Amino acid sequence: MAAHETESAAGDEADGLRKVIHVDMDAFYASVEQRDDPALRGKPVAVGGSSLRGVVAAASYEARTFGVRSAMPSARAARLCPDLIFRKPRFEVYREVSQQIRAIFHDYTPHVEPLSLDEAYLDVTADLKGIGSATRIAEEIRRRIKAETGLTASAGVSYNKFLAKLASDQNKPDGLCVIRPGKGAQFVAVLPVRRFHGVGPRGAEKMARLGIETGADLRARDIGFLRAQFGSFAEYLYQAARGVDLRQVRANRPRKSVGGERTFFDNIQGTEALRETLGNIVDIVWERVQRAEARGRTVTLKLRYADFQTLTRARSLHHFVADKAEFSALGHALLEELLPLPQPIRLMGLTLSALERGEEDSRPPKDGQLPLL
């Protein structure tokens, strides 16, 4: 049992509410590298390219103590941590381990919604083993992951997805946190707004200028104020500040798109930097397209400016996108139409949709690991 656990199993559920677990592997890619190479254990490790154009995809906890984070340029990471050890990603190994972990999840519920190779939501309201307690299920899953893969996982337990995800991050690494029914708003109230999923460093800075530091501060602002400041992001912020999330855990989500997006450690504006960044995203997303055996007709470019305004541009073909070269050409054509940008961007994404077949794989980033990989 992890030393970070904060709640007992007793009384953690109530009739009529969903029982949701969010499981998040701890520094997954880097931890796999440390597991497979004992010489790396206890040392700062970054998974990603070490060249001047490289980007950190994942950082071990030892590296994070130096300030190394996902989506950070590798050159900057090396300056922060001169002893940083870079390892190239081994996607085939990460996918194999991920399949082991998902098999464990499915022993407890068919309602598993993977978000990536290293995290998933589970709805265990009616669990297959008849255990009844979401907390005990989370404890058992964490024990099995450790025993069967040699890796640690953190878990959050609550009555909706938003709270479960917050909880899984509360006691990392190797921790468990439970947010009980009726306690969500209270839990959220004391959190810094930067902990809210989707609120990055720049967003937190903007909120601070508006006098919003905590969930309680956010809740004190009405929806009109939030819409004026954050546009379409306001609805999410309004609900999140109250601990509300009505989304269901959805296994086998409708196949709509294959894509990815990156939130940047530092905002990007220069034309060449934007083109280079899009090229990196094309490489990563096309690998996903091939893995999903997807064919699509529509390419969509997404940009989010520093002030949180989001812009999308799309182009559709009468035929399926033929190959990576055509996918890249369409993405770059969309970008060129927008250059020069009026202000820096904090996020860029690219998606292939109007699919014949494929798997939706587009999600917001999280701290600790670059979701594009």
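Okay, let's start with two strands that run side by side: E2, residues 45-48, is joined to E4 by 3 bridges, and the two run parallel. If you want a spot to look at, find Val45, which stands opposite Ile85 in E4. One thing to keep in mind as you look: this is a predicted model.

So what sheet do those strands belong to? They sit in an open sheet of 3 strands, in the order E3-E2-E4, and the pairing is mixed. At the edges you have strand E3, 56-59, and strand E4, 85-87, each pairing on one side only. Neighbouring strands here are turned by 30° against each other on average, ignoring direction.

Now, which helix lies across this sheet? That's H1, residues 28-36. Helix H1 goes across E2, E3 and E4, and runs at about 115° to E2.

Okay, on to the other sheet. This one is open too, with 5 strands in the order E5-E6-E1-E7-E8, and again the pairing is mixed.

Let me zoom in on E7, residues 153-158. E7 pairs with E8 in the parallel sense, over 3 bridges, and there you can find Gly156 opposite Cys177 in E8.

Last stop, helix H4, residues 91-106. H4 packs on this sheet and touches strand E1 (20-25), E5 and strand E6 (119-123). The direction of H4 makes about 155° with that of E5.

Key: Residues numbered from 1 in each chain as written. Predicted model: local features only at pLDDT ≥ 70, side-chain atom pairs only at ≥ 80, totals over all residues. Heavy atoms only, no water. Pairing = 2+ DSSP bridges. Helix = DSSP H or I, 4+ residues; strand = E, 2+ residues; numbered from the N terminus. Axes fitted to C-alpha atoms, helices over the stretch in contact; angles between N-to-C directions. Contact = heavy atoms within 4.5 Å.
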